[in-house]
Amino acid sequence: MKGAPLAERVREQVRDDARELGMVGLATVLVGDDPASQVYVSRKHEAAVADGLRSFDRRLPGDTTQEDLLAVLGELNASDEVDGILVQLPLPGQIDEEIVLRSVEPIKDVDGFHPTNAGYLYLGRPTFVPATPLGVMELLTEYRIQLPGARAVVVGRSAIVGKPMAMLLLQANATVTICHSRTDDLAHHTSDADLLVAAVGLPGVIAADMVKQGATVIDVGITRTEAGLVGDVEADVAEVAAFLTPVPGGVGPMTIAALLGNAVRAARYRRGQLAFPLI
């Protein structure tokens, strides 16, 4: 299940929408000099510019105080040039992540992390959905994976991927099980799954003998090792699964495309073309 071809089509629509809207502003905020975070933010910035969005790239030193970060977010919240805001995680230890994420205006929260947007997803009336699970759902639609009645297992319970992924699958009428680090006999659950989503960031946590013959396997995890980038799923799972996302080149391109799509959605909300629930 290659993500790049579909991601390119999604981004073509983003480019068309950005031209129609006139200007879509996306602000990224990075605190500190974590190498992986710098790469992720740079890729988001480059993708936004390539697709015709105006990108505001705010980078702050690692010793930035919480008060100073909140002041930056206040400026971005108030700016008419900024439609969407994302704060790159993780944040340094002196900053309360929860307070920061709550400080982004919900109508500009393109990451979907604000409690308001997370709550609407829980209620089945999504506004902004985190980009990775949103991209996964588009991949499943593209490859015509039948979800109603399917047994879906999500390995991982993060607020960024695991929990929203489970909510989206539930809304698509799958029967959903969430597994995590305290789950007893993980293989018992995964081997019964028609759809298996691995999102824990542990290389090789899913082996072939843990996968049902003919299942669809979505590998969200990505870890840099001496051998290169690897996912949560062992390579030999390809011999068992009917569908499998590669790492890299599977979910990753769709995450970027879905994020840019969220930025366009934010612009439509702010221009009154879509009705945001709080307004």
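Ile85, Leu86, Val87, Leu101, Val104, Asp109, Asp111 and Phe113 line the largest cavity of this predicted model. If you sort these lining residues by class, you find six nonpolar and two charged residues, with no polar ones. The volume of this cavity comes to about 40 Å³, and the structure holds one cavity of 30 Å³ or more. Which element gives the most to the lining? That is strand S3, with three residues.

Three strands build an open sheet here, in the order S2-S1-S3, and their pairing is parallel. Strand S2 (54–60) and strand S3 (84–87) stand at the edges with a single partner strand each, so one side of each is left without a neighbour in the sheet. Neighbouring strands are turned against each other by 15 degrees on average, direction ignored.

Let us look at how S3 meets its partner. Strand S1, residues 25–31, pairs with S3 in the parallel sense, and four bridges link the two. In the 3D view, you can find Thr28 standing opposite Leu86 in S3. Leu86 is also one of the residues that line the largest cavity. As background, strands of a sheet pair through backbone hydrogen bonds, in either a parallel or an antiparallel way.

Helix H2, made of residues 35–50, lies across S1, S2 and S3. Relative to S2, helix H2 runs at about 160 degrees.

Key
Residues numbered from 1 in each chain as written. Predicted model: local features only at pLDDT ≥ 70, side-chain atom pairs only at ≥ 80, totals over all residues. Heavy atoms only, no water. Pairing = 2+ DSSP bridges. Axes fitted to C-alpha atoms, helices over the stretch in contact; angles between N-to-C directions. Contact = heavy atoms within 4.5 Å. 1 Å grid on protein atoms, 1.4 Å probe; cavity = no way out; pocket = protein on both sides within 12 Å on 5 of 7 lines; lining within 4 Å. Points joined across faces, edges and corners; volume = space filled by probe spheres on them. Nonpolar A, V, L, I, M, F, W, Y, C, P; charged D, E, K, R; others polar.
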